[in-house]
Amino acid sequence: MRIIDVRAVGLEVPIRDLRIPPESLPYYRELGRIVFDSYKTVLVRVETDEGVVGIGECMTRVAPYAMASLIEEILKPVVVGNDPFDYELIWDRMFSTMRQRGHSKGFMIEAMSGVDIAIWDVMGRAVNK
């Protein structure tokens, strides 16, 4: 079994009734509406050559469409062609792609997590679990 496609879709749902943002956010009164104006997430779809499809999700506080682009432009080429059961190798390759440039946390890890969840979903579906 080989991964043949990875797709990502950014989603955003407005939060209309946020009276006071969480105080854990520095400058929460000034930045609250930027970070907490909506619920933002990215859905990830991984498809295999055997027709097995897995779905993952990676939540983000800002820029879901940027994260979807990161998945499709940077991670997809790393993932396509691999056996989903080689998940540790796939994770290591995704991490290695941007680590040398200092991108080893934040958006990068969140994006990788969505792909990883979709791969685990593929594996579970492939073995009927």
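**Figure 1. Contacts that reach across the chain.** In this predicted model, take the contacts between residues at least 6 apart in sequence: 67% of them join residues at least 24 apart. V115 and R7 sit 108 residues apart along the chain, yet their C-alpha atoms are separated by 9.3 Å. L70 and F107 are 37 residues apart in sequence, with 8.6 Å from C-alpha to C-alpha. As for the parts list, the chain has 4 helices and 3 strands. Starting at the N terminus, the elements come in the order β-α-β-β-α-α-α. Of the 129 residues in the chain, 36% are buried.

**Figure 2. The open sheet.** In what order do the strands of the open sheet come? The order is β1-β2-β3, and the pairing is antiparallel. That leaves β1 and β3 as the edge strands, each pairing on one side only. From one strand to the next, the twist averages 20°.

**Figure 3. Where β2 meets β3.** Zoom in on the two antiparallel strands β2 and β3, and you'll find 8 bridges joining them. Look for L43, which stands opposite E57 in β3. Another pair to spot is E47 with its bridge partner V53, also in β3. The two strands make a hairpin, with 4 residues between them. G51 is in the turn, and its phi is positive, about 80°.

**Figure 4. The two faces of β3.** In a regular strand, side chains alternate between the two faces of the sheet. Now check β3 residue by residue. Which residues make up its covered face? They are G54, G56, C58 and T60. On the uncovered face you get V53, I55, E57 and M59.

**Figure 5. Helix α2 on the sheet.** Helix α2 lies across β1, β2 and β3, and runs at about 170° to β1. Follow the helix along and you'll come to a bend of about 30° at E72. Its buried residues are P64, M67, A68, L70, I71, L75 and V79. What do these buried residues pack against? They pack against β1, β2, β3, α3 and α4. After the helix comes G81, whose phi is positive, near 100°.

**Figure 6. A closer look at L70.** This residue belongs to helix α2. Is L70 buried or exposed? With a relative accessible area of 18%, L70 falls under the 20% cut-off, so it counts as buried. Skip its neighbours within four places in sequence, and L70 is in contact with L75, F107, M108 and A111.

**Figure 7. Helix α4, end to end.** How far apart are the end C-alpha atoms of α4? They are 29 Å apart, which agrees with the 28 Å that its 20 residues should span at 1.5 Å a residue. Just past the helix, N128 has a positive phi of about 60°.

Figure 8. You'll find V115 in helix α4. What is its relative accessible area? The value is 0%, so V115 is buried. Leaving out neighbours within four places in sequence, V115 is in contact with V44, V46, I71, L75, V79 and M94.

**Figure 9. Inside the largest nonpolar core.** This core has 25 residues. Which of them touch the most other members? The answer is V44, I71 and L75. β1, β2, α2, α3 and α4 each supply at least two residues of the core. Helix α4 gives the most, with 8 residues.

**Figure 10. I71 up close.** Which residues is I71 in contact with, once its neighbours within four places in sequence are left aside? The list is V6, A8, V42, V44, C58, K76, A111 and V115. I71 is also among the buried residues of α2.

Notes
Residues numbered from 1 in each chain as written. Predicted model: local features only at pLDDT ≥ 70, side-chain atom pairs only at ≥ 80, totals over all residues. Heavy atoms only, no water. Core = buried A, V, L, I, M, F, W, Y, C linked by side-chain atoms within 4.5 Å. Buried < 20%, exposed > 50% of the residue type's maximum accessible area, 1.4 Å probe, protein only. Contact = heavy atoms within 4.5 Å. Expected span 1.5 Å × (residues − 1). Pairing = 2+ DSSP bridges. Axes fitted to C-alpha atoms, helices over the stretch in contact; angles between N-to-C directions. Bend = angle between axes of the 7 residues up to and from the residue.
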